[in-house]
Each structure stands twice: as C-alpha cells, then as structure tokens.
Amino acid sequence: MIPERLFNWGLLAALLAFVIYAQAADETYWITLSTRAVIFAIAGIGLNLALGYGGMVSFGHAAFFGIGGYAMGILASHAQGYTPIVDGWVTVNGTQNMLVIWVVALLAGGFGALLIGLLSLRTTGAYFIMITLAFGQMFYYFAISWPAYGGEDGVIIYIRNGFPGLNTMDPVQFFALTFGVLTLVLGLMHMINRSAFGLALNAVRQTPERVETVGIHTLRLKLTAFVISGMVTALAGALFADLNKYVSPAMFSWSISGEIMIFVILGGVARLLGPLVGAVVFVFLEEVLGGLSEFWHIYLGLLLLLVVLFAKGGIVGLLTRKEVRHG
Amino acid sequence: MTFLLIEQVLNGLQLGVMLFLISAGLTLVFGVMGLINLAHGSLYMVGAFAAAAVAAYTGSYLMGIIASMIAAAVAGVLIETLVIRRLYGRDHLDQVLATFALILIFSEGTRMVFGSFPLYLSIPALIAGPVTLPGGLQYPLFRLVLIAVGVAVAVGLYLLITRTRLGIQIQAGEADREMIDALGVDISKLYTFVFALGAGLAGLAGALVGTIQSVQVGMGEPVLITAFVVIVIGGIGSIRGAFVGALLVGLTDTLGAFLLPKATEVLFASADIGSVLSSMLIYILMAVVLVLRPTGLFGGTT
C-alpha cells in the first residue's frame, strides 16, 4: 500500500525508464507499443473527466476519437495530394503540421461534444448511456457512407505529420512528443480538479440538487466538462491516426468507446493516472494474451467482469491506500 | 414507382417488427429490473448460431427456429443467475461494463466454436418463393412471414402482460419492486423469467434476420444499438413504446435509404448526399424526439 501521489510519479518514471531501456536495446516495437499506451491514456483521461469526475457515463467517446482521427486524415491527405480542401471564395489548403492538426482536432472535437452534449445532457442515467452510444454509431455510419475520404477503406497518410524541431518518423521522438502531450493533459486535469470548476463538477455528480440550490447552473457546468472531455479525446484521436499513419471508420466503432471506457475502469475511475494504468495494462494484455491466443478478448472480458464485480477502485485503488473522492 | 414504394414500406415494416422482437426484451428488462443490458445483442447472436447449427444438423428449418429460442433463453438464464443478478442494485456504469465484458466473452467464445466465417440459413421451400400481392406486386413470401411472426409476438406479449397473472406481476414489478416482494411473489424467479423471455425473443429475431442476411460473430451489436434508438424513441420500459418506436425506426431507415438519394439527386445532382444523410436519419429522428420529449413517446417521467 503506497500513497497515490508517489504511485503516480513512480508510474510515469517507470514508463520513461522502460522507453529509455527499449531505445538502448534497440527495441523499436516496444517504443511503438508505449506510444500506443500513452495515446490510449490521453483518450481515457478525456473520458475520465466526463465519466469519473462528472458522472456522465458516455459510451460514445469513439465519436471524438474518430473526429480527431479524421481531422488529421482530411488535413494531411489534402496536403499530400496538393489539393485544396475548400476552393471557393477562399482557398483552404491541407497541412502536415501537427500543431495545426491538433488545433483543428481540438476545435472539431469540442464542437462535436457540444452538439452531442446539448442533446444527451437533456437526459441522465441509462438514457444518457444509450444516447451517447447511438450518436457514436451515427458518426460511424456517416464515415462509412461518406465517399470523399475513402468511405469504409479510410485514408492512408504516407509520411507522418511533422512537428517543428522533431523528426516524428523516429519512434522515440514521436514517443517523446506524445509523452509531452500526456504531461500537459495531466497538468490540465490536475488544475481542473483543484479549481472551483472541478469542485463544483464533483459536487454535481454527488448531489446535483444541492448544487442547483446554491445557484450554479449545473447543465452548463456538465456541458463544459463534456466539451473539454471530447476535446482531449479528439486530440488523442489525431495522435492515434498519426501513429498508424492511417484513419478509418473503425476509429468511430462502438467497441472503441468500450475500450476507452475499459482504460478508465481498469485503472480506476476518477483517479488522475487511472487511465494511464488502464491503457498500459490493456496494451500489455493485448500483446501478451494476443500472442498466446487469437481469442484474447475472452480473457479481457473475464478480467473486466472480475474488476467490475469485485474491485471497484480499479488497479490504482487496489495498489494505493487513499480512498479518493468517488461516491 | 408505386410498386417500389409499397415494396419498401413492406421492407420497413419487416425491419420494424424484427427490431421490436429485440427491443421488447431490452425494454422489459430495463423496466422491471432497472438493468441496461448490452449483452442482449449477444443473445440475438446465440439464437442465430443455434438456429444455423441445428438446422444444418437436423435439416429442419423449424427445428432451427425452436432451437434459437431455447438456446438464447438458456443462455439468458445462465448469465442472469451467474452475473446479471449481482448487478441489479449497482449503478448503470457497472451494468454497462459487466455486460460489455459479457459481449467480449460471448463473441470470442462463438468465434472459438464456429470460426470467423459467416454461416447461412436457407429458407424452407414452402415459404421461399415470391408471392403475388393484390394489385400484382411480387414480394418474397418469407418477409411476409416475418411480419406476421412479429405482429403475432407483439399481440402475444400484449396479452401476456395485460391478461395473465404473470403479466400483472411483471407490471407490478415495474411499478414497485419492494411491494410485490413483500406480497409474497418470488421476485428473483420473476426476474429470471423476464430475462429468459427477452432473451428468447432476441434469439428468435437473430434466427429470422440471420436467414435473410447471414449468421456471424458481431452481428448483434449494430442491432443492439439500433434497438437502443428504438427504446429511447419509444420510452424506456414501455412495450407499446418499443412497438411504435420499432416501426418508426424500421420505416424511417428503409424509406430514407430509398427516397433520400433520389431526392438529393434531383435537388443537388448528387445521390451521395442522400445516402450519407439516410445513414444518419434514425439518429436524427432520435435527436428530434429527445428535443420534443426527453423521456420518449410513451415514457413516464424518469
């Protein structure tokens, strides 16, 4: 039993140490796996704000993950094909600059979350779960039937997008970049949790009536959290598409929503680094069990079932002693 | 054009009644036990595979259909007593996760047994051919049979719930769980029965739809999500809502896919816009219902 703060720092250090070791041992594949885990973690951290701190059980976060992916796919495919995106009164060109792509992904993800949030937050509980799931599926079918960007086949990007001063095709540099983004996002979440906004959000999850009585507009508060949550997950989507140099409707599929949720739950709901633990464990299982058996999802299912039925605080909850604010 | 339109309306009805078979169990389980069950789509899949396996083994389609209901109901009883029962008092998040875990287990388990390739059920010769409707329209008899089965189940379910002792207990269970428990009804047996009933209907739907499409792993989840749209539109917990919602969704989806591309072809000289729009149409319908009536067409105040 160790304090959660120590655990958090230890985990980040261990991940870095692992990647440095992999680089020294020239194990590029391990670095790519770590990058995958970090990107999944960012997606999970996004969801954790809505689900863990805000109590909004969204089963549709694949929508934002996919929006981020397609923001990258659309911008980069136009840039590599030298075709403008819009060519009317104004000409909008594509780009292969990650910074621009990230901004577009954040804005598009935020806008998508605003729309879905406005509709879904009219309801709570089971309705909310079903509706977010349904809207996620809507984006999936949209991406499949929209022929401009490959339809079902998706879009392939030949060269990973660039970041000023880095060679992103070098696995360890791309890892460093995603790790940097992870640190920024973690810092942001830490600040949000400490802020008046975060405290109010936490209170809304526990007793919405009381918060309403104090004069706080609960819907606006939840919507804000949902939008930030969608933006963070969209950013992860853009990174994920860049990792694979490929985006397809599969990024919108309902099982991605489920997996993002697994990162949060395996790690521990409403814990700062819960999604990172969950994502690392997920990628580890995917690799180890996936190597042992083609049917590794069955073991993932059993593990998830055990965690849900018997270990409510997730892995972080099992390993650290402090019972964090969740109830 | 009129013939085509009538044909599409019939297709829409057929999709609608099949959606009803799936949504009925989902909405009953939610209404009575307060449980959101993602694994309902897996029961649909179990039914389809059982039908395909038994029909291939015995050579009888009817045996396959019976097997689909039995297999799905047995699978339902199994997961209810082993897993679902522990989830009734839990919050929805736990229910979603545990039943999501069940999807993974069912899907991979089925893949292990049957492999990844789709299976096919063939329509028995007796109901295979087209039939000529009054007015001269040729329409597949099997699809008419599906509509009839769906309507018959809807009527049966209505009678079961309003006219029998068991149905009254189910209604009472929806209204006040503690009270009927106190009145001496064995609530846990009632829950298992309701779950098995919903599972059996889902299994039947899986076998019937599997006959016109194909039987494969992962067939349940898209249908499950569409069933969620149905019960959000109809109002969670309401069988009548599920029926109306299912027909609405079935007709909207089928007619949208038929008419919208034609409409945008004329308006914007592009059928693509129409087909993109039609793929989103039922979700737009759901959004409209949410704006007008957040608890669904037949939902109470929850």
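1. A word on confidence to begin: pLDDT is the predictor's confidence in each residue, on a scale from 0 to 100. Helices (H or I, at least four residues) and strands (E, at least two) are DSSP runs, numbered from the N terminus. In chain A, helix H13 of chain A (residues 314–319) has the lowest confidence, with a mean of 75, while helix H9 of chain A (residues 218–244) has the highest, at 96.

2. Some housekeeping for a new reader. This is a predicted model, in which local features need pLDDT of at least 70 and side-chain atom pairs count only at pLDDT 80 or more, whereas totals for chains, interfaces and linings use all residues. Residues are numbered from 1 along each chain as its sequence is written, and chains are lettered from A and ligands numbered from 1 in the order in which they are written.

3. How do the chains score? The model has an ipTM of 0.89 and a pTM of 0.91. Chain A has a mean pLDDT of 90, with 97% of its residues at 70 or more; chain B also averages 90, and 99% of its residues score at least 70. Within chain B, helix H7 of chain B (residues 177–182) is lowest at a mean of 81, and helix H3 of chain B (residues 61–82) is highest at 96.

4. One stretch deserves a careful eye. Over residues 323–327 of chain A, pLDDT stays under 50. Two residues are in contact if their C-beta atoms, placed from the backbone, lie within 7 Å, and the model has 8 contacts beyond four places in sequence for this stretch.

5. Now to where the chains meet: 36 residues of chain B are in contact with 35 residues of chain A. On the chain B side, helices H4 (92–114), H9 (220–234) and H11 (271–292) of chain B each supply at least two residues, and H4(B) gives the most, with 16 residues. That side of chain B has 25 nonpolar residues (Ala, Val, Leu, Ile, Met, Phe, Trp, Tyr, Cys and Pro), 6 charged (Asp, Glu, Lys and Arg) and 5 polar (the others, Gly among them).

6. Next, burial. A residue is buried if 20 or more other C-beta atoms lie within 10 Å of its own, exposed if 12 or fewer, and partly exposed in between, with C-beta atoms placed from the backbone. A nonpolar core is a set of buried Ala, Val, Leu, Ile, Met, Phe, Trp, Tyr and Cys residues joined through C-beta atoms within 7 Å. The largest such core has 199 residues, and Ile42(A), Ala105(A), Ala134(A), Leu235(A) and Val229(B) have the most contacts inside it. Helix H1 of chain B (residues 2–33) gives the most to this core, with 15 residues.

7. Two backbone angles are worth a look. Most residues other than glycine have a negative phi. Tyr82(A), however, has a positive phi of about 55 degrees; Tyr82(A) lies in the loop between helix H3 (62–81) and strand S1 (86–87) of chain A. Tyr82(A) counts as exposed because it has 8 C-beta neighbours inside 10 Å. Ala270(A) has a positive phi near 60 degrees and lies in the loop between helix H10 (254–267) and helix H11 (274–292) of chain A. Ala270(A) is buried, because 23 other C-beta atoms lie within 10 Å.

8. Finally, is Ser238(B) buried or exposed? Ser238(B) counts as buried, with 23 C-beta neighbours inside 10 Å. Ser238(B) touches Thr27(B), Phe298(B) and Gly299(B), leaving aside residues up to four places away in sequence.
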